[in-house]
Amino acid sequence: MIKAILVFNNHGKPRLTKFYQRYSEEMQQQIVRETFHLVSKRDDNVCNFLEGGTLIGGSDYKLIYRHYATLYFVFCVDSSESELGILDLIQVFVETLDKCFENVCELDLIFHMDKVQYILNEMVLGGMVLETNMNEIVSQIEAQNKLEKSEAGLAAAPARAVSAVKNINLPEMPRNINFGDLNFKVPNLPSFK
């Protein structure tokens, strides 16, 4: 089971943190710092697996990571997960981000955090892997984007209605209305223009 997914830059600044086990905010920050310390001091030509730090569970947990340009993608997993399977999952995650953001960079993770979280939730939910097929994930993202665009059109409907009323060119409003024996006097209304 996946316990946490961490993405941080070369300086240890977290860009994405997703914990599937409850930790206090202070403990989460300590886990990120310890994980960065363990992963960043390793050479690029060594294995991408190592035992988890003392904070996230010790020898029963593993840190599986990939280093791409300025970002480290780290999955903290228990011993039941396959190291190669998780490496493949990291690759699918990065390729999906790359396809959705067209040459993904660190700034995409900062400024489009909601979209990144949605992509991650399509792949992993509650610490369990849901989907590893990049095409299926991208099609779900595209469906979500279409839904958001259609909802944006609905959200703008009241503004368009007010604009249409303002642009109606009515002749002078009648001031006295007679219906048989009933007479109504219409007060002066403020102009919308």
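Tutor: Let's start with K3, which is buried but has no salt bridge. This is a predicted model, so read every distance here as computed from it. The nearest side chain of opposite charge to K3 is D78, 4.4 Å away. Since a salt bridge here needs a side-chain nitrogen within 4 Å of a carboxyl oxygen, that spacing falls outside the cut-off. K3 itself belongs to strand β1, which covers residues 2–9. Setting aside neighbours within four places in sequence, K3 is in contact with K18, F19, Y20, Q21, Y61, C76, V77 and D78.

Side chains of opposite charge can pair when their charged atoms come close. By this rule there are two salt bridges. One of them joins E106 to R15, with 2.7 Å between the closest N and O atoms. That pair links distant parts of the chain, as E106 is in helix α3 (residues 106–111) and R15 is in strand β2, 91 residues apart. How covered are these partners? E106 counts as buried because its relative accessible area is 16%, while R15, at 21% relative accessibility, counts as partly exposed. The line between those two labels is drawn at 20%.

The side chains of K62 and E83 also meet in a salt bridge, at 2.9 Å from N to O. K62 lies in strand β4 (residues 61–68) and E83 in helix α2 (residues 83–101), so this pair ties together parts that are 21 residues apart in sequence. K62 counts as buried because its relative accessibility is 17%, and E83, at 26%, counts as partly exposed.

Back to β2, where R15 sits. L16 is found in that strand too, and it counts as buried because its relative accessibility is 2%. L16 and L6 are ten residues apart in sequence, yet their C-alpha atoms are 5.7 Å apart in space. Not counting residues up to four places away in sequence, L16 touches I5, L6, V7, F93, M113, V116, Q117 and L120. Among these, F93 falls within the residue range of α2.

The lining is made up of G12, P14, T17, F19, E25, Q28, Q29, V32 and R33. Helix α1 supplies the largest share, five residues. By type, the lining divides into three nonpolar, four polar and two charged residues.

Finally, a step back to the whole chain. Its secondary structure comes to six helices and nine strands. Of the 193 residues, 34% are buried. Among contacts with a separation of 6 or more, 48% are between residues 24 or more positions apart. The bridge between E106 and R15, at 91 residues apart, spans a stretch of that kind.

Methods
Residues are numbered from 1 along each chain as its sequence is written. This is a predicted model: local features need pLDDT of at least 70, side-chain atom pairs count only at pLDDT 80 or more; totals for chains, interfaces and linings use all residues. Side-chain values use heavy atoms; hydrogens and water are left out. On a 1 Å grid over the protein atoms alone, a cavity is a set of points where a 1.4 Å probe fits but cannot get out, and a pocket is an open set with protein on both sides within 12 Å along at least five of seven lines; lining residues have an atom within 4 Å of a point. Helices (H or I, at least four residues) and strands (E, at least two) are DSSP runs, numbered from the N terminus. Ala, Val, Leu, Ile, Met, Phe, Trp, Tyr, Cys and Pro count as nonpolar, Asp, Glu, Lys and Arg as charged, and the others, Gly among them, as polar. Buried means under 20% relative accessible area, exposed over 50%, partly exposed in between (1.4 Å probe, protein chains only). Lys and Arg count as positive and Asp and Glu as negative; His and the chain ends are not counted. Contact means heavy atoms within 4.5 Å.
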